Amino acid sequence: MPSRLDIPLHELQRRFNLDNPWWRAGQGVDAQEAAWPRRAYFEPFAQLALQTSVKRAVVLTGPRRVGKTVMLKHLVDRLLGSQAVVGTQVFYVSLDTPLYSGRSLESLVQQFMELQAHPPGQPLWVLFDEIQYLKDWEVHLKSLVDSYPHIRFLASGSAAAALRMKSRESGAGRFTEFILPPLSFAEYLQFAGVEAGLITERPGGPAQCGGFHAPDIEGLNAEFVNYLNFGGFPEAVMNPAVRANPARFLRQDIVDKVLLKDLPSLFGIGDTQELNRFFNVLAFNTANEVSLEELSKHAGISKARLADYLDYMEAAYLIRRVHRIDDNALRLLRARTFKVYLTNTCMRAALFGMVTASDEAMGRLAETAVWSQWLHNATMSSALHYARWREGRQDLEVDLVALDDRSQKPSFAVEVKWSDRAPQALGELRGLHTLALKHPLTRNPLVTTRSDTGRAEIDGMAIDFMPVALYCYVIARQVLAS
């Protein structure tokens, strides 16, 4: 017998109708959401979701505010455009709605089927947004996949650490994971509506430019600085109010919720202030080489707990650790140092304020941006390292070295700079030059610049130069096309 405190069924149904306007004749997805540009990831996601012959739930994961909900709505829009699907066959429910608290996934599905009078076996689409708000979601979702083979289940969630861990442990054979990262630089330019005016395609030019040219490099650099400050998140690009105060939006809605809510609830972290303080240290030092010993002394936290924090933050898409190799392209057996990169430079701006083109942090943020473009390809990013070794009394370093998957030898190397200062002989490029002499690369060693493009011969070696903003664009276009 229902309790007097239970939420009445008609209130539940009213919310269903509010969240699913396409149930009413002639209506579809909210016009503003439908008009948003599609992420470059939408087509592969839609293809995966539309493969109904594979009886698996598709779990869309990724950081907060990268467009997962909008991508689900775009999928609904695609379904509604199909003659094979009518609006009442599609059910969207956001599990962060208080009205659904304490209700099982199956009860929501049953209410939907009863409300719409769907006969047994009719093909249906059910989309669970923010599924991490349901305890033991993976057990419930697996049961639904087994019990309702005629329903295509899709889910999204921002608590990436839990979603990835639990979908692999409990959903083997029942879930397919799809990761949505922050906006690439190429996507940012598209969302901002400036790509066509800043990037042209033309034959010739340096091969590493991929056939792309930036006729207005100062304009492209201005957008690159915007990208570093807020361009990783679609809403910050599309919404003028958010763009006017990205620090407040990003800090409260992304950084604070992940550090003070998501990670502590998932892993039982008791000292959230300690976790927050440690992340601030990492964010400020993005692209710097660090060690657990150094971090432990600086933060006053044990190395064992720091190692756990690093694991948690990497699983939650906040950071990426990059390992060091030497001039022989070998990993050090007892490497004590590594580099930490933010997966999205905007998080540094959220914590410490927006940067300008002349900010001293621009070099490290440019390097972080290059790495964040490569992170859109999991296979390629796992092959990337940085190199550092001692030669005589000098430490030599190369910012980015890609190792060939089969030979484990360097295939290309990049030194990332935000400067047009011409190198004097070898100077600070000695590490890049030495590594390229020792290992035959598949392409010329590359140095990024602020605005210069060209090729120079240094001690008999051809070295390419190109603006870092254009390089980020080229990486993004090539990775997204692969």
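Me: What makes the place of L250 part of a helix?
Reply: L250 sits in helix α13, residues 246-267; helices here are DSSP runs of H or I with at least four residues, strands are E runs of at least two, and both are numbered from the N terminus. Keep in mind that this is a predicted model, where local features need pLDDT of at least 70, side-chain atom pairs count only at pLDDT 80 or more, and totals for chains, interfaces and linings use all residues. Residues are numbered from 1 along each chain as its sequence is written, and side-chain values use heavy atoms, with hydrogens and water left out.

Me: Why is L250 called buried?
Reply: Its relative accessible area is 1%, and buried means under 20%, exposed over 50%, partly exposed in between (1.4 Å probe, protein chains only). L250 is therefore buried.

Me: Which residues does L250 touch, not counting those up to four places away in sequence?
Reply: They are N229, F233, V255, C346 and A350, contact being heavy atoms within 4.5 Å.

Me: How do you know that β8 and β11 pair?
Reply: Two strands pair if DSSP finds at least two bridges between them. β8 and β11 (residues 337-342) have three, in the antiparallel sense, so they pair. Within that pairing, E289 stands opposite K339 in β11.

Me: And what makes β15 and β17 a pair?
Reply: Four bridges join β15 (residues 446-449) and β17 (residues 461-467) in the parallel sense, and L446 stands opposite D464 in β17. Friendly reminder: strands of a sheet pair through backbone hydrogen bonds, either parallel or antiparallel.
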